[in-house]
Amino acid sequence: MPVTSSDLETFRFAIKDRYDVAKRVENLTLADRPLMAMLSKDTDFSGDGTHIPLIFSNPQGLAASNVATAQNNATNLKGKKFILTAGDYNASVYIGDKVIKQSRNNPGAFLKNKAAEMDGLYDQFADSIATYIYGNSGNNIGVVATAASGTGPDEGNGPTDVITLTEPTQIMNFEVGMSLVASAQDGSDTSHTLAPGGAFVVEGIDRALGELYMAAGAAAVLDADKFLFREGDFRGNTGSFIFHGLSDFLWPDSNPPDIYSMSRTADPIRLAGARVAASELVGKSMEERIRLLGTKMTGVYKGKGATHGFLNPEDWDRLVTQLSAKGYRSFSDSETRFGFEAINFSAGGKRIKLYADRYCPAGTCFLLRLQDWKLHSMDKLIHPIEEDGLTVLRGQDNNNYEFRLVSYPSFSTCAPGWSGRVAV
């Protein structure tokens, strides 16, 4: 006998009641994600082609000789604009028909049975968004160093291929059961294409070694130097766009590509972020590199100065070790929602709080004037699909029910030149 409409409505109400509690959802999606938690949120994003204007040059009608020269040289403010579009990101988990029947007289038992899965879906969804905030629009989550065929452990599914990552810290981006695809490019350009061979499922992970154990045959497709992507997240020529992240807005060299319909070559620092030439970093410690970037931001680049900095935890810990001899100590920042640990750091005449964020790529420090950045979304950043009143949906071709989450996000800055990045 199928679950009745009234039974299912009781479960829907229980689910809605659980996830309508803002604090619970914040704890699931923002805790342990410092930058994502601290970003200003705009949940009223609407339409297509929202403009984010910025000014990158002041009027230049000045002269000491006479007013005529000043008049001849007069210019107006020079401005540009990002034309934002909302991305599209989805998540789904199934709830068994049998589980609902077994707990039909006790919605609390139902939630106890399935809350871990639904909470986990929120958590995994937030992981992806937090990772992509730091990345570019291609959404790669790791790069292959080596791929060996048929040499991994056998856990009952037959021999598994071993994929080793070039950056071991990126192993945190992978989970058992994840379906992966690959490309020879990072997916950030619409000319990039996926490698033939399809998707492969992660069957095991050695997080200490930075190794993925994949279904047999994966090594031939996910081979050395290939970029890895969660299936469905590769942008390239697929049209699957979420948003441009920090690595796009804050470009590492003097040739930034267009993003959100804006050309950024007229003034790469003001339009694509502050940076330090590689030649100036030679022989400098991590502290000196971060301090040099902060100094350039308020000095030669005429910026407002960074307020917050973000590092991978391993880089942050090395910096703490370097600074501890000088009397610097980390502290719990009570101004943040979750009391994230920070270091007070001085650079370029500005006080900057530096945080460890596991979603920040290793080897890079981002210094941000945080008030210039905003995370947009249509409705809540991550929310259930329930506009039709159905928080739980019947599966299309099975006896299960489906709980779906969706996000229509975008990410922007009104002043990329007041923020920057440096290799550490």
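This is a predicted model: local features need pLDDT of at least 70, side-chain atom pairs count only at pLDDT 80 or more; totals for chains, interfaces and linings use all residues.
H11 covers residues 313-324, and its 12 residues reach 16 Å from the first C-alpha to the last, close to the 16 Å expected at 1.5 Å a residue. Its buried residues are Asp 315, Trp 316, Leu 319 and Leu 323, and because they cover an arc of only 100 degrees around the axis, they lie on the same side of H11. On the face turned away from the buried side we find the exposed residues Glu 314 and Thr 321. At the start of H11, a side-chain oxygen of Asn 312 comes to within 3.1 Å of the backbone nitrogen of Glu 314.

Now to the sheet, which is open and mixed in its pairing, with six strands in the order E12-E13-E14-E11-E15-E21. E12 and strand E21 (420-423) stand at the edges with a single partner strand each, so one side of each has no neighbour in the sheet. From one strand to the next, the twist averages 30 degrees. E11 and E14 run parallel and are joined by four bridges, and His 308 stands opposite Lys 353 in E14. H11 packs on this sheet, touching E11, E12, E13, E14 and E15, and its direction makes about 60 degrees with that of E13.

Methods. Residues are numbered from 1 along each chain as its sequence is written. Side-chain values use heavy atoms; hydrogens and water are left out. Helices (H or I, at least four residues) and strands (E, at least two) are DSSP runs, numbered from the N terminus. The expected span of a helix is 1.5 Å times one less than its number of residues. Buried means under 20% relative accessible area, exposed over 50%, partly exposed in between (1.4 Å probe, protein chains only). The arc is that of the directions from the helix axis to the C-beta atoms. A polar contact is a pair of N or O atoms within 3.5 Å; within protein, one must be able to donate a hydrogen and the other to accept it, and residues adjacent in sequence count only if both atoms are side-chain atoms. Two strands pair if DSSP finds at least two bridges between them. Axes are lines fitted to C-alpha atoms, for helices over the stretch in contact, and angles run from 0 to 180 degrees between N-to-C directions. Contact means heavy atoms within 4.5 Å.
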